[in-house]
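Student: Could we go through the ligand site of this model together? I would like to begin with the surroundings of the ligand.

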Amino acid sequence: MDSDPRTVRVGDREILRVGLGGARWSITDPEDDGPAERLLELAIEAGVTYLDTARAYTTRDGEAHNERLLRRVLDRIGAWDDVLVGTKGGHYRADDSFPIDASPASLRRDCERSLGALGRDRIDLYYLHFPDPQVPFAESVGALAELRSEGLVGEVGLCNVTTAQFREALGIVPVAAVQNRMSPYAPVDTPLLALAAERGASFFAYSPLGGTTPPVGADELSPAALDAARERGVTTQTVLLAWLLGHGDHVAVVTGARRPTTLRASLRAVDLGLTVAEHDAIAADLAERW
Ligand SMILES: NC(=O)c1ccc[n+]([C@@H]2O[C@H](COP(=O)([O-])OP(=O)(O)OC[C@H]3O[C@@H](n4cnc5c(N)ncnc54)[C@H](OP(=O)(O)O)[C@@H]3O)[C@@H](O)[C@H]2O)c1
């Protein structure tokens with residue numbers, strides 16, 4: 001159990017249950033980083049303490065665009081101690097494709113690159129971005145375990161894993177966080193969430209609102225979510241994020257908000273506290289669509 005209902009635990013750190021991911025600040029090849037930098041500052045001022053990045057979040061021509069952007073802002077406002085940065089290796093950008101390469105040698109190189117780009121001597125949380133079908137999973141995880149034992153990485157995380165892969169990894173290294181896609185648009189992976197809770201790992205739901213092109217708008221998903229939003233004077237998206245958080249004290253969401261308005265709306269989910277009846281009614285509506 002987490003002591004503070006607004007936070008989840010990663011290692012010995014408590015972080016707000018709405019984190020911010022910057023993939024779109026980079027993979028969209030922006031001409032101007034100003035809006036992203038301002039949003040990041042605003043997010044930190046507003047209490048965001050988890051920042052999600054990756055080697056793969058970069059521009060077509062740039063190396064480590066997103067990690068370098070984070071570093072610039074965190075250096076400028078002196079906020080390194082206020083946030084936990086999670087970055088990822090084993091996946092990269094090559095022009096417009098995003099290959100996976102999670103061999104132990106590549107993961108070590110990626111980790112060293114990320115340390116350099118972030119300007120740190122230890123990465124707070126380092127994830128395997130994707131299991132690599134060409135590399136035995138245990139070898140990729142073993143590489144992360146080595147990086148952790150050498151102190152280059154504080155905590156180990158896994159992205160895009162099955163419950164079986166998560167269980168296998170737990171036999172090799174303590175896993176502080178699992179980050180998979182989870183949104184109101186698809187069934188919740190209950191066994192994976194349960195295993196994370198049982199083993200003291202936090203679960204980060206990425207693309208929690210279905211990303212930039214969800215199949216239908218949030219307002220069309222669930223009459224119960226619409227009602228809850230009207231009653232509380234918040235947006236349906238806020239209610240849906242609160243519904244995701246309602247799946248366990250160890251669940252956090254990684255929002256991809258790029259505007260102050262949507263970021264603030266997402267942050268309201270932390271304190272919304274849906275009732276059990278509301279939660280169940282939304283689940284019933286969504287299940288009809290899955
Ligand atoms: N581990 C992985 O493999 C993996 C994969 C994908 C993503 N991720 C992480 O997850 C992060 C988020 O992913 P995502 O961008 O797909 O997530 P998302 O938050 O589901 O989608 C972003 C879209 O939702 C909108 N939005 C966000 N919050 C909103 C709100 N409260 N109300 C209305 N609209 C809202 C954004 O609008 P505005 O832009 O207008 O604000 C944007 O169009 C990424 O940056 C990355 O860090 C990880």
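**The ligand and its surroundings**

Tutor: In this predicted model, the ligand is surrounded by 29 residues, of which Arg24, Asp52, Arg258, Arg259 and Thr262 are the closest.

Student: How does that shell divide by class?

Tutor: The shell around the ligand holds 14 polar, ten nonpolar and five charged residues.

Student: And what does Thr262 do with its polar side-chain atom?

Tutor: That atom of Thr262 lies 2.5 Å from an oxygen atom of the ligand. Tyr57 places a polar side-chain atom 3.4 Å from a nitrogen atom of the ligand.

Student: How much of the ligand does the protein bury?

Tutor: The protein buries 87% of the 910 Å² that the ligand exposes when taken alone. The space that the ligand takes is the largest pocket.

Student: Which elements give two or more residues to the shell?

Tutor: They are α1 (23-27), β10 (251-255) and α10 (260-267). With three residues, α10 gives the most to the shell around the ligand.

Student: A change of topic: where is Leu107, and is Leu107 buried or exposed?

Tutor: Leu107 belongs to helix α4, which covers residues 104-118. Leu107 counts as buried because its relative accessible area is 0%, and the cut-off for buried is under 20%.

Student: How far apart are Leu107 and Tyr126?

Tutor: Their C-alpha atoms are 10 Å apart in space, and the two residues are 19 residues apart in sequence.

Key. Residues numbered from 1 in each chain as written. Predicted model: local features only at pLDDT ≥ 70, side-chain atom pairs only at ≥ 80, totals over all residues. Heavy atoms only, no water. Near = heavy atom within 4 Å. Polar contact = N/O pair within 3.5 Å; in protein donor to acceptor, adjacent residues only side chain to side chain. Areas by Shrake-Rupley, 256 points an atom, 1.4 Å probe, with all protein chains shown as cover. 1 Å grid on protein atoms, 1.4 Å probe; cavity = no way out; pocket = protein on both sides within 12 Å on 5 of 7 lines; lining within 4 Å. Sits in = over half its atoms within 2 Å of the grid points. Helix = DSSP H or I, 4+ residues; strand = E, 2+ residues; numbered from the N terminus. Nonpolar A, V, L, I, M, F, W, Y, C, P; charged D, E, K, R; others polar. Buried < 20%, exposed > 50% of the residue type's maximum accessible area, 1.4 Å probe, protein only.
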